[in-house]
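Student: Hi! Could you walk me through the charged pairs and the helix packing in the structure I'm loading?
Tutor: Happy to, let's bring it up.

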Amino acid sequence: SDDDGKKGGASLFDKLANTLGGSGEGQGDAKAAESAKEEGAEAAGLSPAPSEAEVVARFGTDGGELFAKCVVRQVPLGPRKLRKFCDMVRGMSVEESLLQCRMTIKKAGRIVEKAVLSARANAVHNHGMDATRLYVDQIFATK
(Lines give C-alpha, C1' and ligand atoms only; values in the text may rest on other atoms or scores of the structure.)
Protein backbone atom coordinates (compact mmCIF):
# COMPACT_ATOMS: atom_id res chain seq x y z
CA SER A 1 0.00 0.00 0.00
CA ASP A 2 3.02 2.32 0.54
CA ASP A 3 4.59 1.37 -2.81
CA ASP A 4 4.68 4.92 -4.25
CA GLY A 5 5.17 3.44 -7.72
CA LYS A 6 8.07 1.11 -6.75
CA LYS A 7 7.87 -2.32 -8.28
CA GLY A 8 10.72 -3.90 -6.30
CA GLY A 9 9.19 -3.16 -2.91
CA ALA A 10 10.63 -1.02 -0.15
CA SER A 11 14.28 -0.04 -0.16
CA LEU A 12 16.68 -0.91 2.62
CA PHE A 13 16.26 2.57 4.08
CA ASP A 14 12.46 2.18 4.10
CA LYS A 15 12.68 -1.23 5.78
CA LEU A 16 14.95 0.14 8.50
CA ALA A 17 12.75 3.19 8.94
CA ASN A 18 9.68 0.95 9.35
CA THR A 19 11.38 -1.19 11.99
CA LEU A 20 12.67 1.80 13.92
CA GLY A 21 9.38 3.67 13.57
CA GLY A 22 7.43 0.74 15.01
CA SER A 23 4.78 0.39 12.32
CA GLY A 24 3.63 -2.87 13.96
CA GLU A 25 1.95 -4.36 10.91
CA GLY A 26 2.67 -7.93 11.97
CA GLN A 27 5.04 -10.82 11.47
CA GLY A 28 5.87 -9.97 7.84
CA ASP A 29 7.58 -6.77 8.94
CA ALA A 30 9.69 -8.65 11.49
CA LYS A 31 11.07 -10.90 8.76
CA ALA A 32 11.67 -7.92 6.50
CA ALA A 33 13.43 -6.09 9.32
CA GLU A 34 15.65 -9.09 10.02
CA SER A 35 16.64 -9.41 6.36
CA ALA A 36 17.25 -5.65 6.25
CA LYS A 37 19.59 -5.91 9.22
CA GLU A 38 21.50 -8.72 7.51
CA GLU A 39 21.71 -6.73 4.28
CA GLY A 40 22.90 -3.71 6.24
CA ALA A 41 25.64 -5.73 7.94
CA GLU A 42 26.83 -7.09 4.61
CA ALA A 43 26.76 -3.65 3.04
CA ALA A 44 28.80 -2.22 5.90
CA GLY A 45 31.47 -4.91 5.42
CA LEU A 46 30.97 -6.45 8.84
CA SER A 47 32.02 -10.03 9.32
CA PRO A 48 31.39 -12.56 12.06
CA ALA A 49 33.71 -12.71 15.05
CA PRO A 50 37.13 -14.13 14.17
CA SER A 51 38.15 -17.54 15.34
CA GLU A 52 40.66 -17.56 18.12
CA ALA A 53 43.98 -19.34 18.04
CA GLU A 54 46.99 -19.45 20.28
CA VAL A 55 50.59 -19.40 19.05
CA VAL A 56 53.31 -20.63 21.38
CA ALA A 57 56.94 -20.15 20.35
CA ARG A 58 59.64 -21.79 22.46
CA PHE A 59 63.32 -21.10 21.91
CA GLY A 60 66.25 -23.21 22.93
CA THR A 61 69.99 -22.88 22.61
CA ASP A 62 72.25 -25.38 20.90
CA GLY A 63 73.56 -27.20 23.94
CA GLY A 64 71.64 -25.98 26.94
CA GLU A 65 68.37 -26.72 28.62
CA LEU A 66 67.45 -23.06 28.86
CA PHE A 67 64.40 -21.97 26.96
CA ALA A 68 62.20 -18.93 26.62
CA LYS A 69 58.64 -18.88 25.38
CA CYS A 70 55.96 -16.52 24.20
CA VAL A 71 52.21 -17.07 23.99
CA VAL A 72 50.07 -15.02 21.60
CA ARG A 73 46.36 -15.30 22.30
CA GLN A 74 43.18 -14.30 20.45
CA VAL A 75 44.70 -14.33 17.00
CA PRO A 76 42.23 -13.28 14.27
CA LEU A 77 43.15 -16.24 12.07
CA GLY A 78 42.21 -19.88 12.05
CA PRO A 79 44.53 -22.36 13.75
CA ARG A 80 44.79 -24.51 10.63
CA LYS A 81 46.18 -21.61 8.60
CA LEU A 82 48.58 -20.72 11.39
CA ARG A 83 49.68 -24.32 11.82
CA LYS A 84 50.86 -24.53 8.20
CA PHE A 85 53.16 -21.57 8.74
CA CYS A 86 54.33 -22.81 12.14
CA ASP A 87 55.34 -26.14 10.59
CA MET A 88 57.46 -24.28 8.05
CA VAL A 89 59.29 -22.19 10.67
CA ARG A 90 59.88 -24.92 13.26
CA GLY A 91 63.56 -25.88 13.66
CA MET A 92 64.96 -22.76 11.98
CA SER A 93 67.28 -20.27 13.58
CA VAL A 94 65.62 -17.11 14.85
CA GLU A 95 67.09 -14.92 12.09
CA GLU A 96 66.06 -17.37 9.38
CA SER A 97 62.53 -17.68 10.75
CA LEU A 98 62.17 -13.88 10.93
CA LEU A 99 63.34 -13.66 7.32
CA GLN A 100 60.70 -16.21 6.28
CA CYS A 101 58.03 -14.28 8.18
CA ARG A 102 58.95 -11.00 6.55
CA MET A 103 59.16 -12.39 3.03
CA THR A 104 55.76 -14.07 2.95
CA ILE A 105 52.49 -12.46 1.93
CA LYS A 106 50.48 -14.59 4.37
CA LYS A 107 48.77 -13.05 7.38
CA ALA A 108 50.13 -15.91 9.49
CA GLY A 109 53.62 -14.60 8.78
CA ARG A 110 52.96 -11.33 10.60
CA ILE A 111 51.47 -13.14 13.59
CA VAL A 112 54.32 -15.65 13.86
CA GLU A 113 56.84 -12.82 13.46
CA LYS A 114 55.40 -11.07 16.52
CA ALA A 115 55.61 -14.29 18.51
CA VAL A 116 59.21 -14.95 17.45
CA LEU A 117 60.29 -11.38 18.21
CA SER A 118 58.65 -11.50 21.63
CA ALA A 119 60.17 -14.88 22.49
CA ARG A 120 63.61 -13.66 21.39
CA ALA A 121 63.25 -10.57 23.59
CA ASN A 122 62.22 -12.80 26.52
CA ALA A 123 65.23 -15.05 25.96
CA VAL A 124 67.70 -12.18 25.87
CA HIS A 125 66.20 -10.03 28.61
CA ASN A 126 64.91 -12.57 31.13
CA HIS A 127 67.36 -15.44 30.68
CA GLY A 128 70.49 -13.72 29.34
CA MET A 129 70.71 -15.98 26.28
CA ASP A 130 72.79 -15.16 23.22
CA ALA A 131 70.40 -14.00 20.49
CA THR A 132 72.60 -15.34 17.68
CA ARG A 133 72.47 -18.94 18.95
CA LEU A 134 68.72 -19.22 19.38
CA TYR A 135 66.53 -21.45 17.26
CA VAL A 136 62.81 -22.19 17.21
CA ASP A 137 62.50 -25.38 19.22
CA GLN A 138 58.71 -25.56 19.45
CA ILE A 139 56.03 -23.52 17.78
CA PHE A 140 52.41 -24.54 17.49
CA ALA A 141 48.94 -23.13 17.04
CA THR A 142 45.94 -24.38 18.97
CA LYS A 143 42.32 -23.37 19.14
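This is a predicted model: local features need pLDDT of at least 70, side-chain atom pairs count only at pLDDT 80 or more; totals for chains, interfaces and linings use all residues.

Student: How many salt bridges are found in the whole structure?
Tutor: Searching the whole structure turns up three salt bridges.

Student: Which residue does Arg102 form a salt bridge with?
Tutor: Its partner is Glu113, and the closest N and O atoms are 2.8 Å apart. The two residues link distant parts of the chain, with Arg102 in helix α4 and Glu113 in helix α5, eleven residues apart.

Student: And is Glu113 buried or exposed?
Tutor: Buried: the relative accessibility of Glu113 is 16%, and the cut-off for buried is under 20%.

Student: What does Glu113 touch, leaving out residues up to four places away in sequence?
Tutor: Glu113 touches Leu98, Cys101 and Arg102. With Arg102, the side chains are also joined by a polar contact of 2.8 Å.

Student: OK, next pair. Where do Arg120 and Glu95 lie?
Tutor: Arg120 and Glu95 form a salt bridge, with 3.1 Å between the closest N and O atoms. Arg120 is in helix α5 and Glu95 is in helix α4 (residues 94-103), so the pair ties together parts that are 25 residues apart in sequence.

Student: What's the relative accessible area of Arg120?
Tutor: Arg120 has 23%, which makes it partly exposed. Glu95 is partly exposed as well, with a relative accessible area of 48%.

Student: What about Arg90, which side chain does it meet in a salt bridge?
Tutor: The side chain of Asp87, at 2.9 Å from N to O. Arg90 is partly exposed with a relative accessible area of 36%, and Asp87 is partly exposed at 43%.

Student: Why would such side chains pair at all?
Tutor: Side chains of opposite charge can pair when their charged atoms come close.

Student: Switching to the helices: at what angle do the axes of α4 and α5 cross?
Tutor: The axes cross at roughly 155° and come within 8 Å. Angles over 145 degrees count as roughly antiparallel, and α4 and α5 are therefore roughly antiparallel to each other.

Student: Is the crossing left-handed or right-handed?
Tutor: Left-handed, as α4 passes α5.

Student: Which residues make that contact?
Tutor: On α4 they are Val94, Glu95, Ser97, Leu98, Cys101 and Arg102. On the α5 side you have Gly109, Val112, Glu113, Val116, Leu117 and Arg120.

Key. Residues are numbered from 1 along each chain as its sequence is written. Side-chain values use heavy atoms; hydrogens and water are left out. Buried means under 20% relative accessible area, exposed over 50%, partly exposed in between (1.4 Å probe, protein chains only). A polar contact is a pair of N or O atoms within 3.5 Å; within protein, one must be able to donate a hydrogen and the other to accept it, and residues adjacent in sequence count only if both atoms are side-chain atoms. Contact means heavy atoms within 4.5 Å. A salt bridge is a side-chain nitrogen of Lys or Arg within 4 Å of a carboxyl oxygen of Asp or Glu. Helices (H or I, at least four residues) and strands (E, at least two) are DSSP runs, numbered from the N terminus. Axes are lines fitted to C-alpha atoms, for helices over the stretch in contact, and angles run from 0 to 180 degrees between N-to-C directions. Angles under 35 degrees count as roughly parallel, over 145 as roughly antiparallel, 65 to 115 as roughly perpendicular and the rest as oblique. A crossing is left-handed if the near helix is turned anticlockwise from the far one by less than a right angle, and right-handed if clockwise.
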